[in-house]
Amino acid sequence: MTTITVISKLRRDRRTAAKVREPFGDRVFLIVVKIMLVIALVLVLLPLIYIVSSSFSSPAAVNSGRVSFWPVDFSLEAYRSVLSNSEVLQGYYNSLIYAVAGTAISVTLTVAIAYPLSRKTFYGRNVLMTLLIFTMLFSGGLIPTYMVVHDLGMLDTRWALLIPNAIGVWQVIIARTFFANSIPDELYEASMLDGASELRTLRSVVLPLSKPLLAVLALMYTIYQWNTYFDALVYLRDPDLYPLQIVLRNILLLNTPRTGATDLAQQMHQIQLANVLRYALIVVSSLPVLIIYPFVARHFSKGVLVGAVKG
């Protein structure tokens, strides 16, 4: 076959492929979906842009309504006030502890429960799974949970935010399905033939193949721990243990501007600054999650979908 013949054949194949068109209904559906996604993106992105722009603008520009989607009279005064606030720094420190320690505990316990439930040789696994699902649908309520936390001596301690909600049933279901459908039985058999125990199999065989799942679990638990609010409001009384979300609540909703001076101009400036602080606090509190997400985003869909589809 000559070069000219090959080129001619390639051109014919391209023309044939070009003639193949998706059905009209499918094209309309895809166009509508893309339009809806663009609208959703705009609805989510514009408020975020406005918040960031306002946080970098001067208090006078924000309160006069001159800020739209670009900083006006660029200023870092709000961030200086936030970062110099000892309560915010302490809340940041506490939230980091809760997020790191809570994620480590939750992922460890979730894997420890999901792995045996995924093994066909584990007797009674269906009964235990039914009981787990039951707890997802029905709970004892706030008062019995509070009494349990109190009787265990975890009230007003860091453990109150780490232990009671350490295990998510939905995360256990995802992990169990992933282990059952994504890890071949031949690997378990080969590991047993080599004399490995179940713990060694989990550590050396299963976990190295479950990085997408671990990334998904870590992201879910980290976001939950970072945004924890109600549990801290119920179980904590010591301000030194408050997570960042409680600190933000106290600053934005409960505290009034501290106007120590009698100068009216200074009081007005502090009131204006308090409004800008809201936007700076939102940016500061959201920054860690926004930094972490890109590193695990590529694992997110894979970790969830692979565990949900057999094959």
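Which residue forms a salt bridge with K120? Keep that in mind as you open the structure, which is a predicted model.

**Stop 1: K120 and its partner**

Select K120 together with D185. These two form a salt bridge, and their closest N and O atoms are 3.9 Å apart. K120 sits in the loop between helix 5 and helix 6, while D185 belongs to helix 10 (residues 185-193), so the pair ties together parts that are 65 residues apart in sequence. K120 is exposed, because its relative accessible area of 65% is over the 50% cut-off. D185 is partly exposed, with 38%.

**Stop 2: R119 and E198**

A search of the whole structure finds two salt bridges. For the other pair, select R119 and E198, where the closest N and O atoms are 2.8 Å apart. Here too the pair links distant parts of the chain: E198 is in helix 11 (residues 198-206), R119 is in the loop between helix 5 and helix 6 (125-137), and 79 residues separate them. Is R119 buried or exposed? R119 is buried, since its relative accessible area of 10% falls under 20%. E198 is partly exposed at 39%.

**Stop 3: along helix 5**

Next, select residues 86-118, which make up helix 5. At 1.5 Å a residue, its 33 residues should span 48 Å, and the end C-alpha atoms are 47 Å apart, which agrees. Then zoom in on the start of this helix. There, a side-chain oxygen of N85 comes to within 2.8 Å of the backbone nitrogen of E87.

**Stop 4: S58 and its contacts**

Move to S58, in the loop between helix 2 (24-55) and helix 3 (59-63). With a relative accessibility of 13%, S58 counts as buried. Which residues does S58 touch, leaving aside those up to four places away in sequence? Select V72, D73, S75 and V276 to see them.

**Stop 5**

D73 is in the loop between helix 3 and helix 4 (77-83) and is partly exposed at 46% relative accessibility. Check its backbone: phi is positive, about 55°, although D73 is not a glycine. Most residues other than glycine have a negative phi.

Finish at D156, in the loop between helix 7 (142-151) and helix 8 (159-162). D156 also has a positive phi, here about 60°, and is not a glycine. Its relative accessibility is 31%, so D156 counts as partly exposed.

Key. Residues are numbered from 1 along each chain as its sequence is written. This is a predicted model: local features need pLDDT of at least 70, side-chain atom pairs count only at pLDDT 80 or more; totals for chains, interfaces and linings use all residues. Side-chain values use heavy atoms; hydrogens and water are left out. Helices (H or I, at least four residues) and strands (E, at least two) are DSSP runs, numbered from the N terminus. Buried means under 20% relative accessible area, exposed over 50%, partly exposed in between (1.4 Å probe, protein chains only). Contact means heavy atoms within 4.5 Å. The expected span of a helix is 1.5 Å times one less than its number of residues. A polar contact is a pair of N or O atoms within 3.5 Å; within protein, one must be able to donate a hydrogen and the other to accept it, and residues adjacent in sequence count only if both atoms are side-chain atoms. A salt bridge is a side-chain nitrogen of Lys or Arg within 4 Å of a carboxyl oxygen of Asp or Glu.
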